[in-house]
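Hi there,

Here is the structure I promised to pass on. Have a look at it first, and my notes follow below.

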Amino acid sequence: MEREISYAEAIREATDQAMGLSQDVIVLGQLVDTPSGIFGTTTGLAEKHGRERVQDYPVSENLMTAAALGASLTGLRPIICHQRLDFMLYSLDAITNWLALWRFKSNGKSSARVTIRAIVGKGWGQGPQHSKSLHSWFAHLPGLRVAMPATAFDAKGLLLESIFSEDPAIIIEGRGLFSMREHVPEAPYRVRFGKALIRQKGSDVTLVALGAMVPPAMRAAERLRLEGIHVEVVDPRTLSPLDRETILESVSKTRRLVVADPGWHSFGAASEIIATVSEELGRSLLNNPARVTHPDSHTPMSMTLEKAYYPDEAEISSAIRSAMK
């Protein structure tokens, strides 16, 4: 019988295995050494690997990121954990002006092997300061890799790939995915950055879904299959680097494109993907590309308004039906 674990358990297992494989791997973050362990993703690591390698940090995100950069330059492989991506913005200076361009400034002679886990909240009245998914911001920076794992399998594999790579990366983790379970191999493995996965084959329309939008995209594809519409679901898995080739191959076949992006409508990842496809295949498309995103508004606190704010499989299905006309 195949073993199933949750997304959160997969993150913890990847971290535990990485620390077992190399003494250079350390974990930094607010409350990473507590029993709750950031939604269970670091629980027990301090007791197993020692508090010198799993360290609680003060509420100073920029200091923590700068310290991680310094640690990486001594040969360590730090993992930084941010319970809220929103508050990670205090470390923008360290990320933008130092971490992302360190290899470039050193002419390739030095690298910053730092992995940043950035958790994005959704639901439960998170409001505007606990729910911003800023993947497009970070993907805009040269020298910084950005992953958006949508499954437990990818969460483990991409985290291990990042930890043992030579470049800095941000792993965007949708908090709503943490309880999702699937088969995950117990042995360590790595999922390569820049390689998309076709989660469902189809011939009528290409649906590119990012991160937390993958589960509703899959549900929409199943709903539309019953209506006779065959959707090809492409999960890029990483935004930087982006597997443009797989996306273009899919759209070349279907000649229709819908992008589901858990970010704001304007100037986002969906815009970049649509621009890429339009530049390469624009004249062969049967309909205008469409995007399903958050509205250009802050996240409301009210549960009723919040429900209207976040797109779901019904909205994705509607966009696909329109693309088929």
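To start with the helices: at what angle do helix H4 and helix H6 pack, and how far apart are their axes? Bear in mind that this is a predicted model. Helix H4 covers residues 61-73 and helix H6 covers residues 92-99; their axes lie 7 Å apart, at an angle of about 30 degrees. Angles under 35 degrees count as roughly parallel, so H4 and H6 are roughly parallel to each other. On the H4 side, the contact is made by Asn62, Thr65, Ala66 and Leu69, while H6 brings in Leu92, Asp93, Ala94, Ile95, Trp98 and Leu99. By class, the contact of H4 with H6 has 7 nonpolar residues, 2 polar and 1 charged.

Now for the cavities. The count comes to 2 cavities of 30 Å³ or more.

The largest cavity has a volume of about 40 Å³. Its lining consists of Ser131, Lys132, Ser133, Pro262, Gly263, Trp264, His294, Thr299 and Tyr309. Strand E13 (residues 257-264) gives the largest share of that lining, with 3 residues. Sorted by class, the lining of the largest cavity has 5 polar, 3 nonpolar and 1 charged residue.

The second largest cavity holds about 30 Å³ of space. Around this second cavity you will find Leu99, Ala100, Trp102, Arg103, Ser111, Ala112, Gly143, Glu166, Asp167 and Pro168. Leu99 also belongs to the H6 side of the helix contact described above. The lining of the second largest cavity divides into 5 nonpolar, 3 charged and 2 polar residues.

Best wishes

How values were computed. Residues numbered from 1 in each chain as written. Predicted model: local features only at pLDDT ≥ 70, side-chain atom pairs only at ≥ 80, totals over all residues. Heavy atoms only, no water. 1 Å grid on protein atoms, 1.4 Å probe; cavity = no way out; pocket = protein on both sides within 12 Å on 5 of 7 lines; lining within 4 Å. Points joined across faces, edges and corners; volume = space filled by probe spheres on them. Helix = DSSP H or I, 4+ residues; strand = E, 2+ residues; numbered from the N terminus. Nonpolar A, V, L, I, M, F, W, Y, C, P; charged D, E, K, R; others polar. Axes fitted to C-alpha atoms, helices over the stretch in contact; angles between N-to-C directions. Parallel < 35°, antiparallel > 145°, perpendicular 65-115°, else oblique. Contact = heavy atoms within 4.5 Å.
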